[in-house]
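This report describes the fold of a single protein chain and a few of its residues. The sequence and the model are shown below.

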Amino acid sequence: MSRQTNRGTESKKMSSELFTLTYGALVTQLCKDYENDEDVNKQLDKMGYNIGVRLIEDFLARSNVGRCHDFRETADVIAKVAFKMYLGITPGITNWSPAGDEFSLILENNPLVDFVELPDNHSSLIYSNLLCGVLRGALEMVQMAVEAKFVQDTLKGDGVTEIRMRFIRRIEDNLPAGEE
């Protein structure tokens, strides 16, 4: 039995490393295809958004998480369930705004940046910007408009990676009159 468990752990580790390396190749190609880091950052966000829009169905089906009642509950589900499920990490949740509409996700360890070093000529590249797009896209599909942005990044010499999340508004379904 431990042999099988060990094999499963090794398989997950290999899958994680393969994903990390594949993601690195994607970012490298985007850097070749676009003239500046800002355009690469926009593409990573756009790709992440499209992934998030599709990933939310898988997440809801696999996690059995019900509807969140507020932004704090949403933050807990993102950090403790979604990040754990898809990246194998549990970010900390800190720096809540007094109004409760902003918080920070602190990633002590960002698996996307394993084996990565930013070249000097890409100092404004937000290497893991895909994550911000995933968060925006997934939350939009559950009627929550949010802003997500990196404010700290270990690739840029910061001690941790920090994603700042800000609740913008609830998205109301615009159903035609008479339909429910």
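## Contacts and a buried asparagine

In this report, contact means heavy atoms within 4.5 Å. The model discussed here is predicted, not determined by experiment.

With that definition in hand, N41 may be considered. This asparagine is found in helix α2. Leaving aside its neighbours within four places in sequence, N41 is in contact with S124, L125, I126 and N129. Is N41 buried or exposed? Its relative accessibility is 4%, and N41 therefore counts as buried, since the cut-off for burial is under 20%.

## Overall architecture

The secondary structure of the chain comprises four helices and four strands. Read along the sequence, these elements follow the pattern α-α-α-β-β-α-β-β.

Of the 180 residues in the chain, 37% are buried. Among contacts with a separation of 6 or more, 59% are made by residues 24 or more positions apart.

## The sheet

The four strands form an open sheet with antiparallel pairing, in the order β1-β2-β4-β3. The edge strands are β1, residues 92–94, and β3, residues 144–152, each of which pairs on one side only. On average, and with direction ignored, neighbouring strands of this sheet are turned by 30° against each other. In general, the strands of a sheet pair through backbone hydrogen bonds, in either a parallel or an antiparallel manner.

The pairings can be followed across the sheet. Strands β1 and β2 run antiparallel and are joined by three bridges; T94 has S104 of β2 as its bridge partner. Strand β2, residues 102–107, pairs with β4, residues 161–170, in the antiparallel sense over six bridges. Within β4, M165 is the bridge partner of F103, and I163 stands opposite L105. Strands β3 and β4, also antiparallel, are joined by eight bridges, and here E147 stands opposite R166 of β4.

## Helices packed on the sheet

Which strands does helix α3 lie across? Helix α3, residues 71–87, lies across β1, β2, β3 and β4, and runs at about 15° to β2. Helix α4, residues 130–141, also packs on the sheet, where it touches β2, β3 and β4. The direction of α4 makes about 165° with that of β3.

Strand β2 is touched by α4 and is one of the strands that α3 lies across. This strand is mostly covered, with five of its six residues buried.

## Residues in the loops

The loop between β1 and β2 contains S97. At 12% relative accessibility, S97 counts as buried, because the limit for that class is under 20%. Apart from its neighbours within four places in sequence, S97 is in contact with E102 and R164.

How much space lies in the second largest pocket? The volume is about 150 Å³. The residues that line this pocket are G24, V27, T28, C31, F115, V116, E117, L118, P119, H122, L125 and Y127.

By class, the lining has eight nonpolar, three polar and one charged residues. One of the lining residues, L125, is also among the residues in contact with N41.

Definitions and conventions. Residues numbered from 1 in each chain as written. Predicted model: local features only at pLDDT ≥ 70, side-chain atom pairs only at ≥ 80, totals over all residues. Heavy atoms only, no water. 1 Å grid on protein atoms, 1.4 Å probe; cavity = no way out; pocket = protein on both sides within 12 Å on 5 of 7 lines; lining within 4 Å. Points joined across faces, edges and corners; volume = space filled by probe spheres on them. Nonpolar A, V, L, I, M, F, W, Y, C, P; charged D, E, K, R; others polar. Pairing = 2+ DSSP bridges. Helix = DSSP H or I, 4+ residues; strand = E, 2+ residues; numbered from the N terminus. Axes fitted to C-alpha atoms, helices over the stretch in contact; angles between N-to-C directions. Buried < 20%, exposed > 50% of the residue type's maximum accessible area, 1.4 Å probe, protein only.
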